[in-house]
Amino acid sequence: MLVVLGLQGCGGGDDGPQRAAVSGVINLDGEPLQQGVIRFVPEGETKGPKTSVPVQQGRFEIDSRSGPLVGEHRIEIVSTDDGGYAMDDEQAIQDLRKAKVKRIRVVKVPAVYNSRSTLKKTVSLNTPNEFQFDLSSQQKR
């Protein structure tokens with residue numbers, strides 16, 4: 001009897017909050033956001049952890065096992081494009097100085113889309129969760 005009860009507790013089942021697959025497109029100034037992260041932050045009656053999904057070539061996608069919780073979410077979008085150079089890469093810094101490169105083009109998504117985001121989306125269980133975000137770098141921070 002103990003073995004049967006013990007097995008019932010394993011396996012994940014449907015006991016936890018429901019999650020859903022999401023996918024979509026993120027453009028910044030009309031171009032695909034090359035590298036970034038989109039976060040689904042639960043709001044209101046939606047309780048649970050936030051979900052972060054990588055963005056590559058303007059696209060993001062995650063399955064229902066790891067996707068965001070079903071319900072209302074505040075959306076945060078950040079760029080992870082560092083211009084191809086780590087800030088602590090001394091050799092790269094020396095090479096840039098020799099080449100007289102004064103500034104590396106680093107893609108920045110304005111705070112109005114990340115730390116101060118007012119973007120909202122509802123993640124549904126039985127309908128496709130395909131989202132598109134068209135961002136502008138000219139937005140006030």
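Guide: What follows is a close look at the aromatic pairs and at the strands that go with them. The model is a predicted one, and the values below are to be read with that in mind.

A search of the whole structure finds four aromatic pairs. A pair of aromatic rings is described by the distance of the centres and the angle of the planes. For Phe40 and Phe131 the centres are 6.3 Å apart and the planes make an angle of 45°, which places this pair in the tilted class. Because Phe40 belongs to strand S3 (residues 35-42) and Phe131 to strand S8 (residues 130-135), the pair ties together parts that are 91 residues apart in sequence. Phe40 and Phe131 are both buried. Taken as a group, Phe40, Phe60, Phe131 and Phe133 form one aromatic cluster.

From Phe40 the account can pass to the strand that carries this residue, S3, and to its partner. S3 and S6 pair in the antiparallel sense, over seven bridges, and within S6 it is Glu76 that stands opposite Arg39. Strand S6 covers residues 71-79, and eight of its nine residues are buried, so S6 is largely enclosed by the rest of the structure. S6 also pairs with strand S7 (residues 120-123), here too in the antiparallel sense, over four bridges, and Glu72 is found opposite Thr122 in S7. In a regular strand the side chains alternate between the two faces of the sheet.

A last stop is strand S5 (residues 59-62), where Glu61 is found. Is Glu61 buried or exposed? With a relative accessibility of 63%, Glu61 counts as exposed, because the class begins over 50%. Once the neighbours within four places in sequence are left aside, Glu61 is in contact with Val22, Ser23 and Val53.

Note on methods:
Residues are numbered from 1 along each chain as its sequence is written. This is a predicted model: local features need pLDDT of at least 70, side-chain atom pairs count only at pLDDT 80 or more; totals for chains, interfaces and linings use all residues. Side-chain values use heavy atoms; hydrogens and water are left out. Rings of Phe, Tyr and Trp (its six-membered ring) pair if their centres lie within 6.5 Å; planes under 30 degrees apart count as stacked, over 60 as edge-to-face and the rest as tilted. Helices (H or I, at least four residues) and strands (E, at least two) are DSSP runs, numbered from the N terminus. Buried means under 20% relative accessible area, exposed over 50%, partly exposed in between (1.4 Å probe, protein chains only). Two strands pair if DSSP finds at least two bridges between them. Contact means heavy atoms within 4.5 Å.
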